[in-house]
Amino acid sequence: MESSDLLQLFFSLLPALVVAIISYYFFSSYFKNEENRRNFLLHRENQKEALPLRLQALERMTLFLERINPGSLLVRVKPYNNDKYDYENLLIQSIDQEFEHNLTQQIYVSEACWNAIKATKNSTISLIRKANMSEKVDSPDKLREVVLTELLDKTSPSETGLAYIKKETKSIW
């Protein structure tokens, strides 16, 4: 084969090579676009199903924070004897039961929101324990009074947690 024959063959194959490269480029971008479109549609469909679950979880966590709010907790959970330590344990047990009842909701809220909820729970327990260590507290009724008096001066941990839940809810929309 002569060089002119090779050159002739090269020029004959050049348009086919150019068409093949252009076809490859268009087909690959088409398939990539189709994959992105399918992923978007799948994501949108998942969002339709996940949004109500996330909102329901946020509602449940709001209810949890309202139930462990010291103001409502102390009204709802009455002492069964005159031992202040028994009443402290009863309050903490009630908070822990509420928390355990809502543990599964953590998969529907952000990690930061869940951490804020846990911090609220721990702050409420800490508030009760700190109030019970006060020298003024000698009975369950006095414990209730001290906790409620403390909350008059500052915001309750539940209000801080609720503010975070509201912020998370707004971020969903």
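R144 counts as buried, because its relative accessibility is 18% (buried means under 20% relative accessible area, exposed over 50%, partly exposed in between, using a 1.4 Å probe and protein chains only). Before going on, a word on the background: this is a predicted model, where local features need pLDDT of at least 70 and side-chain atom pairs count only at pLDDT 80 or more, while totals for chains, interfaces and linings use all residues. Residues are numbered from 1 along each chain as its sequence is written, and side-chain values use heavy atoms, with hydrogens and water left out.

**Salt bridges**

R144 has a partner: D141 forms a salt bridge with it. That term means a side-chain nitrogen of Lys or Arg within 4 Å of a carboxyl oxygen of Asp or Glu.

D141 and R144 both sit in helix α5 (residues 140-153), three residues apart, about one turn of the helix. Helices here are DSSP runs (H or I, at least four residues), numbered from the N terminus. E145 and K142 are also three residues apart in α5. An α-helix has 3.6 residues a turn, so residues three or four places apart point the same way. E145 is partly exposed at 44%, and K142 is partly exposed at 26%.

What does the pair of R54 and E168 tie together? R54 lies in helix α1 and E168 in helix α6, so the pair links parts that are 114 residues apart in sequence. R54 is partly exposed at 27%, whereas E168 is buried at 7%.

**The helix α1**

Helix α1 covers residues 3-68, which makes 66 residues, and it reaches 90 Å from its first C-alpha to its last. That is close to the 98 Å expected at 1.5 Å a residue (the expected span is 1.5 Å times one less than the number of residues). There's a kink of about 30° at A50, shortly before the proline P52; the bend is the angle between axes fitted to the seven residues ending there and the seven starting there. Among the buried residues of α1 are A57, M61 and F64. Their cover includes α2 (70-76), α3, α4 and α6 (157-172).

**A buried asparagine**

N102 sits in the loop between α3 (84-101) and α4 (111-133), and it is buried at 3%. Leaving aside neighbours within four places in sequence, N102 is in contact (heavy atoms within 4.5 Å) with R60, M61, F64 and W114. The side chains of N102 and R60 make a polar contact of 3.0 Å. Such a contact is a pair of N or O atoms within 3.5 Å; within protein, one must be able to donate a hydrogen and the other to accept it, and residues adjacent in sequence count only if both atoms are side-chain atoms. The N102 side chain also has a polar atom 2.9 Å from the backbone oxygen of E98.

**A lysine without a salt bridge**

K84, in helix α3, is buried yet has no salt bridge. Which side chain of opposite charge is nearest to K84? The nearest is E88, 7.3 Å away (Lys and Arg count as positive and Asp and Glu as negative; His and the chain ends are not counted). The K84 side chain does reach the backbone oxygen of V137 at 3.0 Å, and one of its polar atoms lies 3.1 Å from the backbone oxygen of N132.

Methods:
Helices (H or I, at least four residues) and strands (E, at least two) are DSSP runs, numbered from the N terminus.
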